[in-house]
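Okay, thanks for coming, everyone.

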Amino acid sequence: MKERQSRLKAIKNLIKNNIIESQDDLLALLQKEGFDVTQATLSRDLKLLKVGKVPDGKSGYMYALPGDDENAESEAIYVQDFLRGYVSIDWSGNIVVIKTFPGHANTVCNAIDNLNMDEVLGTVAGDNCMFACLREGVTGDDFMATLKKHIPGIED
């Protein structure tokens, strides 16, 4: 019984401190911690701990403990902030220009920053527009495709 409790504690710590996308990843981490556990036992442990999967902010999912779905809630808030503030989106080369309602550029900029889009190198906000500099080789179309994953139905 003691090994089970220490294993459950280890699972909690690993989930809190790592982005874990699959049971195989978690199983490998547990084995590195010295736990000899089967996939079936791990599945039962995850069910017992009520572990679920939440969006990781990058078009995938990660394990989260109950109450750790704050990331999902935060992303929903950023999506709403973005939708409330933006007017239009256009781009040239690796620069995206997002026009906003007056006074909303900082909020929209913050939303883009916190959606953790790998395509974005950095952002700058004014009063009624913001700029996003895209990474080398990323196009405006790539940016929009990723933005639409975070904000389905957005119009460009």
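Before anything else, when I say contact, I mean heavy atoms within 4.5 Å. What you see is a predicted model, so local features need pLDDT of at least 70 and side-chain atom pairs count only at pLDDT 80 or more, while totals for chains, interfaces and linings use all residues. Residues are numbered from 1 along each chain as its sequence is written, and side-chain values use heavy atoms, with hydrogens and water left out.

Let's start with the sheet. Helices (H or I, at least four residues) and strands (E, at least two) are DSSP runs, numbered from the N terminus, and two strands pair if DSSP finds at least two bridges between them. Here we have an open sheet of 4 strands, ordered β3-β4-β6-β5, and the pairing is antiparallel. The edges are β3 (86-92) and β5 (120-125); each has a single partner strand, so one side of each has no neighbour in the sheet. From one strand to the next, the twist averages 20°.

Take β5 and its partner: 5 bridges join β5 to β6 (residues 129-134), running antiparallel. Across that pairing, Val 120 faces Leu 134 in β6.

Now the helices. For the angles, axes are lines fitted to C-alpha atoms, for helices over the stretch in contact, and angles run from 0 to 180 degrees between N-to-C directions. Helix α5 (residues 105-114) lies across β3, β4 (95-100), β5 and β6, at about 165° to β5. Helix α6 (residues 140-150) also packs on the sheet, touching β3, β4, β5 and β6, and its direction makes about 145° with β3.

Next, Asp 81, which sits in helix α4 (residues 70-85). Is it buried or exposed? With 17% relative accessibility, Asp 81 counts as buried, where buried means under 20% relative accessible area, exposed over 50%, and partly exposed in between (1.4 Å probe, protein chains only). Leaving aside neighbours within four places in sequence, Asp 81 is in contact with Thr 107 and Val 108.

Last stop, aromatics. Rings of Phe, Tyr and Trp (its six-membered ring) pair if their centres lie within 6.5 Å; planes under 30 degrees apart are stacked, over 60 edge-to-face, the rest tilted. There's 1 aromatic pair in the structure. The rings of Phe 82 and Tyr 86 have centres 4.9 Å apart and planes at 25°, so they're stacked. Phe 82 counts as buried at 0% relative accessibility, and Tyr 86 counts as buried at 13%.
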